[in-house]
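Student: I have the sequence and the model open. Can we go through what the labels rest on?

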Amino acid sequence: MTDTTVNAGIAHGLYTEGEPVADTKAPAGPIAGKWTQRKFDAALVNPANRRKLDVIIVGTGLAGGSAAATLGEAGYNVKVFCFQDSPRRAHSIAAQGGINAAKNYKEDGDSTFRLFYDTVKGGDYRSRETNVYRLAEVSANIIDQCVAQGVPFAREYGGLLDNRSFGGVQVSRTFYARGQTGQQLLIGAYQALERQVAAGTVAQYTRHEMLELVVADGKARGIIVRDLVTGEIETHLADAVVLASGGYGNVFFLSTNAMGSNVTASWRAHRKGAHMANPCYTQIHPTCIPVSGEHQSKLTLMSESLRNDGRIWVPKNRDDCDKDPRQIPEEDRDYYLERIYPSFGNLVPRDIASRQAKNVCDEGRGVGPVVGDFRRGVYLDFADAISRLGRDAVESKYGNLFDMYARITGENPYEVPMRIYPAVHYVMGGLWVDYDLQSTIPGLFVTGEANFSDHGANRLGASALMQGLADGYFVLPNTIRDYLAKGPFDKLADDHPAVAEARGRVEQRTQRLLEINGERSVDSFHRELGNIMWEYCGMERSEEGLLKAIDLIRGLREEFWRNVRVLGSADTLNQSLEKAGRVADFLELGELMCIDALHRRESCGGHFRAESQTEDGEALRHDDEFLYVAAWEFTGGDGDGEMGQPVLHKEDLVYEAIELKQRSYK
């Protein structure tokens with residue numbers, strides 16, 4: 001291995017290394033006692049003083065909605081913002097399969113420690129041990145909270161809450177509400193939020209998009225937003241800011257994310273000094289309806305819960321790929337996950353299931369229509385489950401998912417096997433936070449998918465809902481008070497230099513986008529960026545491909561700021577302008593993702609480098625070199641579109657409660 005290969009990013013002038021970063025908030029002592037100790041150590045804010053403290057929360061999904069409701073109930077003055085027309089339209093609603101909790105209702109050996117262990121192992125030993133243990137510890141409280149809110153979890157015949165299994169584990173710990181778990185949990189958080197709105201502790205701003213973070217005297221003190229209906233630019237100031245704005249999977253254009261999901265809130269904070277951690281860690285979900293052609297603007301997720309009873313297979317012979325699957329005899333089918341991973345079978349973690357699906361399709365054994373140069377699909381077959389359990393039982397568990405599949409594809413999954421293929425779903429990267437969920441900017445807290453902290457290089461199924469609600473209901477309210485106890489801080493005036501600078505930047509950027517008056521649509525740039533990201537920074541990455549992607553993205557970004565066409569004006573409803581701002585940020589994020597993927601010359605979880613794999617094609621980690629979180633500092637110029645060399649700050653990962661091992665699910 002040459003020096004150029006070892007230090008490809010540095011050798012090509014793509015980044016520099018800075019001082020290490022560390023989490024100093026997690027207490028010393030046994031891991032099982034850290035959260036209790038931290039809650040005790042955190043300063044208190046008495047009820048009378050809470051009324052004097054203002055908190056801004058950006059995002060009303062599970063993380064933001066639950067945080068706003070809880071902080072409002074505690075007596076703080078909360079402002080909560082979302083770009084949707086209702087908090088109930090947050091993307092959390094799309095999470096279907098379930099939420100994990102270590103209650104051991106099945107008495108099958110589950111425990112807090114086992115949930116902790118499964119999550120760290122599932123993340124391929126690239127998550128922070130202390131944060132993950134806390135997540136497992138508070139998981140049981142989430143279920144009790146949601147039951148009290150009336151969330152209609154599935155129940156067994158005797159009335160007890162039911163559980164099912166998800167990928168990467170061998171116990172049943174996933175609580176679910178048919179195939180609508182995210183929706184039902186969001187309704188619970190929404191009801192709690194609206195109760196506080198009615199009580200006057202929370203002010204709710206819908207159809208408002210955050211476009212800039214206000215940082216004054218080194219602290220996060222507010223946000224600049226655009227009213228998406230009137231176009232008015234507004235300033236909102238507070239004592240602390242919480243970002244709960246979700247993930248950035250739409251950088252790939254085609255993903256399972258809602259069309260409006262974006263990175264702008266996080267990226268604006270990153271530009272102001274918040275480190276972005278592990279941005280290349282992208283989760284590819286194995287259970288999505290395959291791409292059907294160039295006309296698509298998003299992909300549809302089929303819940304991972306289907307892998308409980310559905311069996312995944314492809315024909316053994318290429319010649320059978322265009323046959324009716326019901327005409328292919330059992331002996332000519334390759335149940336490849338059951339063959340390769342007998343211990344876990346179809347319930348291997350998402351990254352492994354996704355790569356194996358890609359492998360068999362690359363071999364020419366994919367099924368479904370030819371899209372591009374090959375067939376992108378594998379079968380998810382419920383024939384055995386229907387035979388064993390009966391159609392009524394399968395319908396009671398998955399009926400809404402089957403109906404959705406039938407409406408989209410025109411095929412009846414009760415009679416013909418579903419076709420699935422991997423797609424971008426979730427991002428494990430996000431803004432760096434410490435144990436208190438505070439970023440590198442004091443007063444800026446980050447929750448849910450917007451932060452990096454809990455999932456490592458691969459998120460296990462049913463853990464996103466768990467993290468969002470854990471952060472919002474139980475973690476943030478106990479940690480943000482330690483910061484707020486130092487307040488209330490001096491009030492900022494609207495003409496404060498930091499406020500004026502942030503507002504001016506938004507106005508200048510808006511005007512600049514409208515004045516370019518080029519020839520290409522915003523969507524055309526977004527689609528081209530997505531193609532680059534999927535091809536070179538998707539399921540498999542290589543040094544050669546990533547270097548090419550960086551050059552392509554830089555060229556595309558230069559053309560964007562020279563040739564994009566944004567119709568309409570700034571002082572009215574203008575979805576073209578909204579998209580342009582979001583795609584501009586994606587064009588910067590995409591480059592950082594590729595630089596992060598290039599510098600990490602190992603395979604781990606969702607980050608698979610072609611140069612680092614075992615003889616049988618599994619991910620090969622290099623703990624001696626890469627046992628750290630990569631936290632990137634922005635050093636770009638003042639102008640949007642400018643990207644200086646980012647600075648890499650490493651946070652060493654220390655495992656005291658768990659032994660480092662190469663993952664095996666065989």
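**Contacts, cores and a sheet**

Tutor: Start with isoleucine 99. Leaving out residues up to four places away in sequence, isoleucine 99 touches Ile142, Ile143, Phe153, Arg173, Thr174, Phe175, Thr181, Leu185, Ala462, Leu465, Met466 and Leu469. Contact means heavy atoms within 4.5 Å. This is a predicted model: local features need pLDDT of at least 70, side-chain atom pairs count only at pLDDT 80 or more, and totals for chains, interfaces and linings use all residues. Residues are numbered from 1 along each chain as its sequence is written, and side-chain values use heavy atoms, with hydrogens and water left out.

Student: Why is arginine 355 called buried?

Tutor: Buried means under 20% relative accessible area (1.4 Å probe, protein chains only). Arginine 355 has 10% relative accessibility, so arginine 355 counts as buried. Its place is in helix α11 (residues 350–365). Helices here are DSSP runs of H or I, at least four residues; strands are runs of E, at least two.

Student: What makes a nonpolar core?

Tutor: Buried Ala, Val, Leu, Ile, Met, Phe, Trp, Tyr and Cys residues, joined through side-chain atoms within 4.5 Å. The largest has 174 residues, and Ile99, Leu243 and Phe560 have the most contacts inside it. Helix α18 gives the most to this core, with 13 residues.

Student: How do you know that β11 and β19 pair?

Tutor: Two strands pair if DSSP finds at least two bridges between them. Strand β11 (residues 276–277) and β19 have two bridges, in the antiparallel sense, so they meet the definition. Methionine 276 stands opposite leucine 431 in β19.

Definitions and conventions:
Buried < 20%, exposed > 50% of the residue type's maximum accessible area, 1.4 Å probe, protein only.
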